[in-house]
Amino acid sequence: MDIFVVEGGKRLEGTITVGGAKNAAVAIIPAAILSGDICRIENLPDISDVSVISQILIQLGAKVTQISKSVIEIDSRNVNCTQVSQELAKNMRASYYMLGALLGRFNRAKVPMPGGCYFGVRPIDQHLKGFEALGAKTGLRDGVISLTTDKGLKGARISLDVVSVGATINLMLGAVRAEGLTIIERAAREPHIVDLANFLNSMGADVRGAGTDVIKIRGVKKLHGATYSIIPDQIEAGTYMIAAAATGGDVTINNIIPKHMESISRKLVEMGVEIYEYDDAIRVTRSRPLKACNVTTMPHPGFPTDMQPQMAVIMSIANGVSSITEGVWENRFQYVEQLCRLGVKATVQGRVATFEGVEKLVGNHVRATDLRGGAAMVIAALISDGETSIRDIYHIERGYERLIDKLVRVGACIDRRTVPDDYE
Ligand code: EPU
């Protein structure tokens with residue numbers, strides 16, 4: 001197996017460039033098949049989730065050409081299959097965007113239940129409720145979700161019961177070619193929802209209101225190919241901001257949209273971190289001790305749940321007692337036990353984790369429990385005395401492009417090694 005080995009105690013200093021947003025990319029790539037034409041997608045992150053979703057398109061009959069590391073061309077003119085293979089679907093959450101994309105183009109779709117990080121139950125009832133409102137018949141057999149419509153999809157008013165990024169995206173995909181007007185109420189407002197709407201509109205769709213909690217979609221008969229560049233990754237940027245602050249470093253993070261970083265910047269400033277904003281960059285530096293703070297994760301524009309494990313690390317070395325209340329997922333604290341192996345003092349009670357700041361952390365063997373939990377292990381290892389090994393790094397590589405390269409360039413000491421499976 002492959003592991004990361006981190007020699008802690010190095011201060012990060014320099015410049016890091018952020019890649020395209022993972023959670024936008026995994027929605028925009030499926031969306032491209034709605035065009036039935038050729039789309040060029042730029043600023044893609046070089047991560048395994050992008051390879052897997054591209055593989056799914058290829059399996060369905062699309063031609064996907066890698067133009068460069070961050071650019072692909074998707075020719076979906078010959079897509080002829082509407083059933084995603086179990087093998088590919090189980091590797092990632094976003095495979096379920098093929099439901100909306102295939103339904104929107106072909107009026108039918110069969111997609112196995114998706115994989116992805118485990119945070120307790122991850123229901124898809126809101127997706128199915130919305131597809132039914134658009135006129136689809138839904139079914140679940142042997143773990144495969146099926147959608148069909150004989151008469152074609154019809155626009156509808158859909159009021160989501162919970163704010164769901166995935167359901168909002170899937171219903172946007174389903175509705176762009178439906179007949180008439182679809183209104184999604186209680187829509188999610190994440191930056192990648194806006195990015196998807198912009199991409200759909202660049203293919204000729206009529207999507208308005210993305211970024212607010214009401215999205216209106218007037219169905220169009222036909223879409224066409226487009227060239228589109230994906231927004232920078234808010235969570236990748238936030239992860240490096242926290243790594244810089246935790247190590248008492250001075251790092252400028254390039255290719256970001258500072259507005260997307262506001263909820264994260266605000267908390268870091270509250271903790272005593274200095275943040276300077278530029279047009280498309282942020283400089284993060286810290287020379288003072290960290291102060292404790294409290295965070296509650298919420299859908300955008302609240303503090304992102306995908307940043308809470310990284311935030312836990314910086315809280316664990318702040319003066320005083322900090323807390324995180326998880327407002328999105330039922331169970332997103334599995335990583336805390338791993339942090340405790342490095343000396344973090346934490347308790348978890350239901351959706352609340354409390355961190356009592358300690359002077360220092362000490363290296364040990366830990367594992368990535370999920371993607372962002374894995375990123376937290378890397379940051380914790382950077383500030384631990386001595387060596388830390390991190391296993392199950394495939395979680396991390398699903399969503400962070402060239403993480404080691406980027407951190408090593410600003411002074412981290414990290415190695416990727418292949419070791420026997422029983423390595424201790
Ligand atoms: N929910 C329902 N029913 C549904 C859908 C969601 O009850 O039909 C609930 C969920 O159980 C959860 C809440 O609604 O409690 C929010 O879930 P949401 O649907 O917004 O999450 P998601 O679309 O499955 C995406 C990201 C996650 C991120 C969440 C929240 C992708 C591929 N995944 O998941 O990202 O945590 O939104 O922002 O976009 C990550 O990148 O590490 C990651 C896990």
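The dialogue below reads selected features of a predicted model.

Q: How many helices and strands are in the protein chain?
A: Helices (H or I, at least four residues) and strands (E, at least two) are DSSP runs, numbered from the N terminus. The protein chain has 14 helices and 25 strands.

Q: What does the radius of gyration say about the protein chain?
A: The radius of gyration is taken over C-alpha atoms, and the globule rule is 2.2 Å times the number of residues to the power 0.38. For 424 residues a compact globule would come near 22 Å; the protein chain has 21 Å, which agrees. Along the principal axes, the C-alpha atoms fill a box of roughly 65 × 40 × 40 Å.

Q: Which share of the residues in the protein chain is buried?
A: Buried means under 20% relative accessible area, exposed over 50%, and partly exposed in between (1.4 Å probe, protein chains only). Buried residues make up 57% of the 424 residues.

Q: Where else is phi positive in a residue other than glycine?
A: Asp 142 has phi near 50 degrees. Asp 142 sits in the loop between strand S7 (137-141) and S8, and counts as exposed because its relative accessible area is 74%. Asn 43, also not a glycine, has a positive phi of about 55 degrees; its place is the loop between strand S3 (38-42) and H2.

Q: How many aromatic pairs does the structure hold?
A: A pair of aromatic rings is described by the distance of the centres and the angle of the planes. Rings of Phe, Tyr and Trp (its six-membered ring) pair if their centres lie within 6.5 Å; planes under 30 degrees apart count as stacked, over 60 as edge-to-face and the rest as tilted. The structure holds three such pairs. One of them joins Tyr 96 and Tyr 97, tilted, at 5.2 Å centre to centre with 50 degrees between the planes. Tyr 96 and Tyr 97 are both buried. In Phe 333 and Tyr 335 the ring centres are 6.3 Å apart and the planes at 50 degrees, so that pair is tilted. Phe 333 is buried at 8% relative accessibility, and Tyr 335 is buried at 0%.

Q: What is Arg 189 in contact with, leaving aside its neighbours within four places in sequence?
A: Contact means heavy atoms within 4.5 Å. Arg 189 is in contact with Gly 211, Thr 212, Asp 213, His 300 and Pro 301. Arg 189 lies in the loop between strand S10 (181-185) and helix H7 (191-202) and is partly exposed, at 35% relative accessibility. His 300 and Pro 301 are joined by a cis peptide bond, with omega about 15 degrees.

Methods: Residues are numbered from 1 along each chain as its sequence is written. This is a predicted model: local features need pLDDT of at least 70, side-chain atom pairs count only at pLDDT 80 or more; totals for chains, interfaces and linings use all residues. Side-chain values use heavy atoms; hydrogens and water are left out.
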